[in-house]
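Hello,

I am passing this structure on to you. Please look through it first; my notes come after it.

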Amino acid sequence: MIFTRMATLVSLLMSVVWLTANPAIAQAFNSGSTGALGALNPPTGTTTITLPSDGILHYTTITIPSGATVQFQRNSANTPVTMLATGDVTIAGTIQVNGEPAGPASQVGTAVIPGGLGGPGGSAGGPGGSKGMTNTDGTSAPGPGGGAGGRYPGVTTGDGVYGADSSFVSLVPLFGGSGGGGGVGSTTLWGTSGAGGGGAIVIASTTQMTITSTGAIRANGGTGNIAATGYCNWFAGGAGSGGAIRLVAPQLTNQGTVQALNGPLFCPTGGGPGRIRLECTTCAVGTTTPAASVTTTLGPITAASTPALINVPTLTMSTVGGQAVPSAPAGVYTTADVSLAAGADNPVPITLTATNTPVGTVFTVKVIPQSGTEQLFVTPPSTGSLASSSATALVTLPPNQIALLYAFASFPVMASVVPLVDGEPVERVLIATAYGLPSVVTYLTRSGKEVPAE
């Protein structure tokens with residue numbers, strides 16, 4: 001068999017569990033900003049900020065005047081946007097991390113139409129099906145809630161939904177929305193692609209935050225595409241889901257627009273909205289869409305904030321078929337991160353390396369081919385130590401096309417870390433993740449209750 005250009009999604013951040021140094025002692029909130037970038041006060045018009053590798057922007061104050069729009073250039077790891085201020089944050093203009101729209105079907109070109117990119121921290125849409133063959137299926141979108149690709153006949157393209165249960169309101173860890181699936185291609189058309197999911201952003205001030213009546217923060221999903229047929233069916237490109245917005249400040253006043261909406265032109269029933277979280281001691285929360293989760297407890301932002309974000313297990317795919325994985329994989333269908341030579345063995349060994357994860361953990365690897373049905377493969381129990389462990393899955397990859405890979409796992413919680421949740425012992429930690437995104441972390445109690453890791 002010949003295996004060419006088989007892509008893999010390989011940089012997987014996992015659970016985030018936060019603890020304060022001494023929960024019995026009240027600590028004044030601090031965003032963790034160093035103030036290194038000084039004051040942010042952009043001119044009217046659109047300003048694009050290039051994100052650093054960790055996505056964290058350290059300001060003294062943030063002032064977005066009316067008529068100004070701030071957007072962001074994604075970094076290679078596709079991290080969420082983290083805007084920190086030592087002083088006040090005032091938003092009278094717009095801050096946006098929206099997903100890109102779906103790409104329309106086309107008769108021209110020589111390659112599949114790629115999915116619209118997600119906003120920073122969000123997932124892309126799925127590519128459309130190939131031209132030149134009869135009704136070639138679209139590709140499912142990456143991301144934990146990605147829409148399924150169109151399947152001809154009878155399976156309508158799926159829209160993206162936010163990839164976490166409704167009980168996940170803390171937005172710790174922070175991740176964006178999921179993209180829509182790609183539409184079916186035909187003998188004359190490259191199929192319509194899916195739209196990208198809304199991105200993810202946290203804005204934190206050590207003092208206060210004000211969103212005026214003209215101010216807006218948007219993390220909306222990209223617009224779907226009904227395609228050349230004019231119908232909501234398997235030829236359509238799915239819409240992206242809304243992303244995530246988290247605002248943290250001792251005093252918070254919202255008189256403007258805060259939204260994380262799913263993209264329009266959704267087919268047939270519409271994608272899902274994103275999540276909004278407001279954390280403030282003194283709160284005038286106004287109206288948000290969707291409705292925000294509001295708490296008077298100010299949680300952690302970074303390792304330098306007070307309270308601090310600590311204890312971060314990690315998981316990476318270190319080798320695929322014996323080849324080392326790039327340090328910053330692109331994870332796209334157009335260009336492979338790892339290519340396997342003709343004659344390579346199939347199934348292919350994929351080695352996972354974990355830190356701060358119990359020995360004996362069983363991981364699952366999900367394969368999403370550019371065309372065809374997704375498959376799941378499990379590893380034997382991991383070996384090594386809590387500090388560093390590994391496991392290898394034997395994965396069957398589709399020949400002659402690029403495939404995307406994901407990994408996830410659950411493992412028993414250590415009682416010394418989380419002794420009780422809502423008065424019950426915690427028995428397991430569930431972790432699900434996708435390339436470039438922190439994972440969703442949920443605790444399972446003995447009675448079966450699911451509690452997000454706050």
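Predicted model: local features only at pLDDT ≥ 70, side-chain atom pairs only at ≥ 80, totals over all residues.

Residues are numbered from 1 along each chain as its sequence is written, and side-chain values use heavy atoms, with hydrogens and water left out.

An open sheet is formed by five strands with parallel pairing, in the order β4-β7-β10-β13-β16. Strands are DSSP runs (E, at least two residues), numbered from the N terminus, and two of them pair if DSSP finds at least two bridges between them. β4 (62–64) and β16 (282–284) are the edge strands, each pairing on one side only. Within the sheet, three bridges join β7 (residues 89–91) to β10 (residues 208–211) in the parallel sense; I91 has I211 in β10 as its bridge partner.

β21 (residues 363–369) is mostly covered, with six of its seven residues buried (under 20% relative accessible area, 1.4 Å probe, protein chains only). It pairs with β22 (residues 375–378) in the antiparallel sense over four bridges, and K366 has L376 in β22 as its bridge partner.

Y152 lies in the loop between β8 (94–96) and β9 (200–205). Leaving aside neighbours within four places in sequence, Y152 is in contact (heavy atoms within 4.5 Å) with N135, D137, V184, W234 and F235. The C-alpha atoms of Y152 and N233 are separated by 9.2 Å, and the two residues are 81 residues apart along the chain.

Regards

Methods. Buried < 20%, exposed > 50% of the residue type's maximum accessible area, 1.4 Å probe, protein only.
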